[in-house]
Amino acid sequence: MLIENAFPVAAEPDQVFEFLQDAHNVAACFPGAELLDEVGDDTYLGRVKIKVGPVTATYSGTATIVSRDLATRTAVLRAEGKDSRGAGSANATARMHVEPADEGATVEFATELAVSGKLAQFGRGIMSDVSARMVAQLADAVRDRIQTSTPPPDPDAPTPDPDQTGAPTPSSAPADPGQTEAPQRIRTAAPAPTPTPAALRAGPLIRAVIAGFFRRLVARLRRTS
Amino acid sequence: MAEHPITVTVNDIEYQRSVPDRLTLADFLREKLRLTGTHLGCEHGVCGACTVIVDGAAVRSCLMLAVQADGCQVETVEGLAEGPELNPLQQAFQRNYALQCGFCTAGFLMSVTAALRDGPVTTDTEARDVLSGNICRCTGYTGLVKAVLEASE
Amino acid sequence: MTGTVPMIGASVPRREDRRLLIGRGRYLDDLDLPDALAVAFLRSPHPHARIQRIDVSAALAMPGVVAAFTGADLAPIQRPLAPKVLHPDLVDFPRLPMPPHEVHYVGEPVAVVVADTRYLAEDALELIDIDYEELPSVGSTAVALAENPPLAHADAESNIAVRLRQRSGTPEDALRTAPHRLSGEFHVIRGGGHSMEPRAVAARFEPATGQVTIWDTTQSPHYARQQLSLAYDMPEDDIRVIAPPDVGGGFGPKAQFYGEEVVVPWLAMTLGRAVKWVEDRQENFVATMMERAQTHRIEVGFDDNGKLLVVRDFIEHDQGAYCAGLQVPSITTSTVPGPYRIPNIHTELIACYTNAVPTSSVRGAGRPQAVFAMERMMDRIAEYLDIDPAELRRRNLIPPEEFPYQVGIMFRDGSPLTYDSGDFPALLDGTLDRLGYDAAREEQRVAREHGRYVGIGIAVYVEGCGLGPYEGAKLRLTNQGRILVTLAAAGQGQGYETVYAQIAADALEMDMAHIDVTTGDTGRIPFGQGTFASRITATAGPAVFDAALQMRERLFDTASRLIGCDPGDLTVSGDTICLDTDPEKSVSLLDIARAANIGKHGITLRDGIKPGIETVSYFAPARAAYASGAHAAIVEVDPDTGAVRIVKYVIGHDCGNVINPRLVDGQVLGGFAHGLGNALYEEAAYDPDGQPQATSYLDYTLVSAAEVPPVELFHLHTPSPLNPLGAKGAGEGGTIPAPAALANAIEDALRPLGARITIAPMTPARVADAVHAARQDG
Amino acid sequence: MKPAPFTYHVPRSLPEALDLLAEHGDDAKVLAGGQSLMPMLNFRLAQIEHLVDINRIGAEHATPRVDGATITIPALARQRQIERNAEIVAALPLLGAALHQVAHPQIRNRGTICGSLAHADPAAELPTVLSVVDATFTLASARGVRTVDVAEFFQFYFTTALEPDELLLQVDIRKPAPGTVTVFREFATRRGDFALGAIAATCRFDASGTVVDTRIAAAGVSATPLRLTAVEQLVTGTDLNPEVLAAAADATSASVEPTGDIHASADYRRRLTATLLRRTLAAAKEEHHG
């Protein structure tokens, strides 16, 4: 499932890109995520703990920045997580690109998400909706953090010359033919920066997966806490 | 986890047992009381094979904990027959070929028993409505519909 | 005088019912096996993955856990489970009981835990740590056959398991020269058996004798024993497989043989403890075989009168992750021509591997799909030529005088497809009469004038049943003076205890009250095949009848010697054999048992008494018998919501001579409910990667009483000449043509809008989307 | 399919229940009817530390009341109990009509109204019904009691204003103004299934048959039950003639953005919702005239 999302940030593009290259920053913006260790080569051990209503799951695994190109302000992150109860896995390849814009910068996320196992069997129904919202929340958090920690860009400030960054050519995201078969594609508009309830921030990743199950569960069994 | 002492009356017999927090009522009936007429077909409340009557209401015994039945009156398929005689509903099931493999039968009997206590069922549509909370894969429901209508007379 | 009314043909109440109605049935999970441990399987969450590492130590350390094994621990029994029906060209991949290296579908077992309770066993499964390397996967035949597809098996060259081709005449020439040609593409989605009782296996090992007793919900205990004998390298005599007297439905999937059936008894033997595995519904959704998924690209050639000249059908069949047998694809290729005389036939099927649970027979077994394609085309021809669809069918039905009719292709039993008997025109017309066909057409016309969408659908089919190789029965006079009929076949609710007592009663000319029936226990009868493919009445039935005739002869022979008369002067009265002319002179069954079976220790038998009153018969049909049927439906469709209301439904059914009409009705009506599910509701959806999407009854929608309409049944009885009872199979006829009949009715209802129905199940969304597409086009 | 271990608590009073929720908060879950929670526990999709069974906190929490213009449905009122309460069903026919479509009697016998609302499934009947009436949700915790309205209560899929230490103590519903017509229309694949689409509407007409006030909500097309305010505005002041109905259906299509799943495409759900809207309003007009 491909989730595409673009949102403006009132900050210098390079500054935004630099912020997003730091795995700690991204983890801090990803609700429920926790970086446990840095194992080198842009690879981190981490955990995403989720609790939505009565449903809980913990995915632990690795996140690797598989490519980054300062010149085009493009980075690709690959995250692979395993459910702690053996019920499956969640893998994501997220391509992030920062583009200059009138207001500062536009961040574009394209996330290919693949969930395997028990939760995936129950959740495809509204997973797309919820996943889209999940990325929107991540976007909100990124914008909040950048904008509150940095002054608005100075329109007169010189734009760095991309040629001077000396970044390597980006390699493309590893293609998984199995995943590309899934034609589902979601495009979300830039989210309105509405405050999100605390409970919602708690667990977007799995929320995506389980929400569909909930919905159908109640289908027949409607009722109760 | 702890064990909880409970007192449950099943088919007019009072049982005092100790049950773990998570034991379902269905497993309690089957494993602890060895009343194996109540069957588990899906364990998520859809198929209705585990339907029993608790304090007068037909419920899914897979969606209720044994500990929740403390102090309750439970009726199961084993309590339906009147001595050696099948009760009128059971007889109607037999006369109308309302069962084949029989796995779902207890759930149907308990659902229909509760429904008929609420009032008569007089039309094909009403009978199908009464039966619609239980799944049978063998009979195609024709015999069940006839049995409900006949038992309601 | 015989003193008995014929039992064959009588609607005798079922003997099984009483215990089932009072909650005293004994299904496998109801068996009281003292101290039995609970077994639970860990199953792959991935459609296709390599197992890199498994660690069960945390699970083993958990209190209450007795053992935990991985596929690697099972090396001694990791022998491939053979496909049931083979083909020389089949590219086969070993289906191991619990693969140690590579998994090929979500739900494939990878580890097993034995614990004090099922609760604890499931807890322990969560403690097993596995690293998988996820591999590219195939979720459908469309993916499997795409260019440069992912491979369902990493070491395969392609995803094609086999190509099956059937031909008669010169189909290419016929297509080229036919005055008219039409083609269509039709899809049938995966669906399952969904017996209300899932699968289960329990086992107990006796170290003193080296024998293992296995309780198994299988439809084929003797097949299971033979497979286990191979897997364990153990004599069959040391393996006793018992299908419990009560099994909660079969419908095909329980006729197959699964890895769990190998692993669970092995656990009992390894641990020296009784063990029990009861599949839960969650497992059933991902680990029990399914069927149905096929795509048909069918083309027909016909003349101006609608006479069929040729049919050509290219079929994609979803074989699943492994080949459990080619019975379904084989049946599909031979079912396409159906009841019609077609001089030129070409059916070609590509069976594909996918990363989904393997497929095998489910009630209907490859026939509903073929009938769907062919009967949709019959309606399309009628529409094209503007001929009434019933009339079009009449013009093409094989007339009764042409039986036995050679279709020109082969059936799956290895014999030329030869319809033994039937009367298709009478079946169709009888069905249409009961539907009130002409009046219904008039009502349709009026309804259309009022903007209502009413349609009529017909489907006719032929079903090969009563397959070989053989089935057997044993009759014994017990030492309690009763007649015991022992069948190898195992029942799943069909009423064997009643039906076979009826058959034996007629042969013995004895009241059923003195006859007992026992089934499905390899310890009681050495040879057997099993309950599948609507075959038992037509195979075990004649065996019981013949063994009972022999028994009668034995009883009369013994009685004549005890009484001192000629056997020809005897008759049966109650549980005695008496002199026709003087009923006072009689011996009871118990007397006979005492004289011939029990005897007196050390005392010579009376002169002429042959000891041991037991008879055996095996019946091997020359080839399959063919049942047939016609379904007709009137529906009203709401084009905006896609809701389909079945106004009237009639089933015409011909399964030859009937043993117990009410039980046959029950089979047909139950089969129809399944067919209705296939037509409108049931869909075992997988995503393109092979991740199952319908794994609960919230998403996989079984029909309830509210969805099944009243059905009118109409029976025709053309006896099969292939067995002495003239019986054919009855278990699948309700299912097979239902999706076709309803699709035809729905498309007919929507004809003013031009909507095309090409996919089963026809869910409300699919129907409404078809209308929407037609409106957009129009 | 056996639930993972948890600790079962059975408080005998509301304060005791609230104390348990305060103590265990995020690790606890309230068990009322259990008809959604228990399946998830059996599937092990939900694994929780503490289950707080509120079924024994007192009969007063199980007894619905009609007090003047207000219907009060407390935490433990079963769906079946409300469905059979003639006074409530007469006061709010919409509720009775919707409840009859909720699953099956065996589920409604245990399932509670408040539990269904707290579960907050946007495809469910009850949240949709509550979206077209004046309702107040009372949320209780050891910290105290607060009330929220429907717009605030439903926040997202399965997400409500309830904090982890809170339970939904009761819902108070104001009876619609006299003369208000209410209609509930649902389309589901099978009896008792979740709706592929549903519309709840209240409609008040003046003497001439003109709509003076209406509230309309759709189920299953959004992350919460969706009020169709644009449609409400469009039909207010009209007599719901065929042109208005057609325009209202178009407006419905334009204002819902459903998601497709294995049961139905997004486009189908949009068209279905518009169809149901049209039929709902037509039924309201007919009921007003009839």
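Predicted model: local features only at pLDDT ≥ 70, side-chain atom pairs only at ≥ 80, totals over all residues.
A polar contact, as I use the term here, is a pair of N or O atoms within 3.5 Å; within protein, one must be able to donate a hydrogen and the other to accept it, and residues adjacent in sequence count only if both atoms are side-chain atoms.

**Entry 1**

With the definition in hand, I looked up the pair of chain B and chain D and found 15 residue pairs in polar contact, both partners at pLDDT 80 or more. I then asked which elements give two or more residues to the side of chain B that touches chain D. They are strand S4 (57-60) and helix H3 (105-118) of chain B. S4(B) gives the most, with four residues. By kind, the residues on this side of chain B divide into twelve nonpolar, ten polar and eight charged.

**Entry 1: extent of the B and D interface**

Next I looked up the area. Chain B and chain D bury about 2500 Å² between them, and 51% of it is on carbon and sulfur atoms. Which residues of chain B lose the most area to chain D? I found B:Arg22, B:Leu63 and B:Gln68, which together make up 25% of what that side buries. The contact itself takes 30 residues from chain B and 31 residues from chain D.

**Entry 2: salt bridges**

A friendly reminder to myself: side chains of opposite charge can pair when their charged atoms come close. Across the interface of chain B and chain D I get five salt bridges. I also looked up D:Arg191 and B:Asp129, whose side chains meet in a salt bridge at 2.3 Å, N to O.

Over all chains the count comes to 96 salt bridges. One I looked up in chain A joins the side chains of A:Glu34 and A:Arg47 at 3.3 Å, N to O. A:Glu34 lies in strand S2 (residues 33-40) and A:Arg47 in strand S3 (residues 43-52) of chain A, so this pair ties together parts that are 13 residues apart in sequence.

**Entry 3: a sheet in chain D**

In chain D I traced an open sheet of five strands, in the order S4-S5-S10-S6-S7, with antiparallel pairing.

Strand S6 (residues 135-141) of chain D pairs with S7(D) over six bridges, in the antiparallel sense. Within S7(D), D:Thr147 stands opposite D:Thr138. Last, I looked up helix H1 (residues 14-24) of chain D, which lies across S6 and strand S10 (167-174) of chain D and runs at about 125° to S10(D).

How values were computed
Residues numbered from 1 in each chain as written. Chains lettered and ligands numbered in written order. Heavy atoms only, no water. Pairing = 2+ DSSP bridges. Contact = heavy atoms within 4.5 Å. Axes fitted to C-alpha atoms, helices over the stretch in contact; angles between N-to-C directions. Buried area = accessible area lost by both parts, 1.4 Å probe. Salt bridge = Lys/Arg side-chain N within 4 Å of Asp/Glu carboxyl O. Nonpolar A, V, L, I, M, F, W, Y, C, P; charged D, E, K, R; others polar.
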